[in-house]
Amino acid sequence: MLERRQCIDGTEVENPEETIGDSIKHAKDAILRDVQDGISWYALGNACFTAYFLTGTWDHDMLFQSLKAYRNAGKDKKMKCCAEFNYTCSMACKFLEKYQMALTGLEIAGLMDPSLKCLEQASNLCDVLDNIDFLLQELNDAKRLPSPASPLPAVDSQASILASAELDPSYERATVDRPAEGLNEGKAVTGKVLFSVKNPSGSPIYYVVCDSDHTCFVITVYGVCSTAIKEEDEITLLDPLYHFFDFEWKAKQYQFKSVSVDFLQEIRVNGEVVSPEHVIHPSMYADFMKGERKKRMMLEESRLPFSAFPWLLICHGECRENQTFFSISEARYYDRSIPELQNKMICAYAQDWLVLFDVEYCDCYLWNANSEEKIQLPPLPEDGYVRCLLSRPPDDPECCILFLIDESREDDIYVGRRTFYFCKPGYNEGFHKQEMQLDDDELGDWTVFNGKFYALMSDESILVLLDVDNDLGTITITPMVDQPAFDYCGYLDMPRSGRYLIQSSCGDDHMLLYLHKLYFYNSKELYGFFLFQFDFEEKAWKKLTSIGESAVFLSDRWGSGGITCSTRGANIKKDSIYFIERDDRFLYVYDLERKSMSISLPCPYVDVEESFQWLSLPSR
């Protein structure tokens, strides 16, 4: 801490980068002695935060490391009561542009210790956001009702100039109309600076820009003086790092498109690189850090994200080549373009193993999202609706994969036959097959519980066990109970419903759940949910009124069914049900205790026709 203080307060340090590096090393050594000590984690966070400023606010890896250290410090109860801790953590969030988290933390710190002037910092940040919102609103109004005083006519006159501005041939011209979330490698956006946004804190610098497509957005510039860019300047953004902000604070909604400029190499002003005289603090590590950052981001954009909490996966594009992962815990989305998922459907998964079905070639195989290992499955029928379950990962000796295929047509004649296909991946050369032999062969939702297959059968949703014997090549369907979980008496005027069978694994609690969703008659308006837990000892369903510190995630799309997770330590509403409706693109959250519902839009640019499903991939 003394070494860090020298770098902040004194000028006698010959090599501040080396000194702060020693400070980081000492903090890590302290953590190794007691990994639960919040003060040591706090010291590490402060050292990394200081290193971020010493490199001219370019090294965002240090910023991420500081926030990670602060979060670990926050696990120590005594740190949560420290005003200075809440303040510094909030400032890290501010420079990471996590504005909602920053404002929340600043407000908490300000109430703890008014002398820190945290509320003033929060007010300054709100002023910046309000100015951005006001300017963008004025520009949008000017588009609808143009006037001679509007700044947009000047842009109109230069639209062709912006669209034909000379670019490095290695870059593709783009606009911010629909960029990918995150780094847009190889793209270049040209624009005109309309306004500079006053920031009482000095850094970073905000500008409102209009691109060649007349789309107005914000650029946030780090590491340079305010004189580097002026109003009326023409700028070119190389490899733009894009983010769409959509959050609420104090009953006000903020929505705007933004590009962060972290490195001088990412911007040209009037066709020229930024002069060194405008640089706040040059660092010999800047070029290296830029290259390393882009390598990591490009690698991440081609890989599945992992998290302890569920993702809402939205596949879109003509060949499903684009994927948007919405993080429930972070309330933000990540765009990916994963080659292995192009033109594929995720039929089922177990841990990091996914069952992928190629919709064009009717090819099906297992793919490991971590190692990218593949296990080819035997051929499946080319026609027929496919449903699938995977009991365990393929390296488990009890692993079994089960398909239910609706082979509805044979030689252009409707036969309405449903057939089970099952095997042990990597072991059987072909599938075992067995037709359903029941009088009422309506198989509803199904799931895997403790490595076994369970399903809801018939209109009454009777729970059955699908007992698969891979050695004999047979499936025995055994009723687990003779009564349905839900009694329809009293709800006959509500014929529209949804039925879900879910394995709940939150910590040490393992439950088989049944959820019944009811709607008002002839309406999309939700009436409510009924929850039941199956008691394997008594062979009966038990009604639940709460799921405690857990949340359920439902989907009526491909891969329907549901998953659960613990809400502890996450920004997820406890005792709630998150769900997606058919022919809809909104995310609904139903609070079981209050019997109330909230609605949000997880991604602003996907269509109703896209594929939505929940995915839970364990953290690496």
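These entries record what I looked up in a predicted model of one protein chain.

**Ground rules.** I count residues from 1 along each chain as its sequence is written, and I use heavy atoms for side-chain values, with hydrogens and water left out. Since the model is predicted, I keep to pLDDT of at least 70 for local features and to pLDDT 80 or more for side-chain atom pairs, while totals for chains, interfaces and linings use all residues.

**Whole chain.** I find 10 helices and 34 strands in the chain, taking both as DSSP runs numbered from the N terminus (helices H or I, at least four residues; strands E, at least two). Of its 620 residues, 52% count as buried, where buried means under 20% relative accessible area, exposed over 50% and partly exposed in between, with a 1.4 Å probe and protein chains only. I note an accessible surface of about 30200 Å², with 49% of it belonging to carbon and sulfur atoms; the area comes from the Shrake-Rupley method with a 1.4 Å probe. Among contacts (heavy atoms within 4.5 Å) between residues at least 6 apart in sequence, 54% join residues at least 24 apart.

**Helix α6.** I followed α6 over residues 83-95, which makes 13 residues, and its first and last C-alpha atoms lie 19 Å apart, close to the expected 18 Å; that expectation is 1.5 Å times one less than the number of residues. Because 11 of these 13 residues are buried, α6 is largely enclosed by the rest of the structure. The buried residues include F85, M91 and F95, and also N86 and K94. After the helix comes E97, for which I noted a positive phi, near 65°.

**Sheet β21 to β24.** I traced an open sheet of 4 strands in the order β21-β22-β23-β24, paired in the antiparallel sense. At its edges stand β21 (443-449) and β24 (474-479), each with a single partner strand, so one side of each has no neighbour in the sheet. From one strand to the next, the twist averages 30°. Looking at one pairing, I count 5 bridges between β21 and β22 (residues 452-457), antiparallel, where a pair requires at least two DSSP bridges. T447 has Y454 of β22 as its bridge partner.

**C319.** I then turned to C319, which sits in the loop between β10 (311-316) and β11 (322-327) and is partly exposed, at a relative accessible area of 33%. Leaving aside neighbours within four places in sequence, I find C319 in contact with Q342 and N343.

Methods:
Axes are lines fitted to C-alpha atoms, for helices over the stretch in contact, and angles run from 0 to 180 degrees between N-to-C directions.
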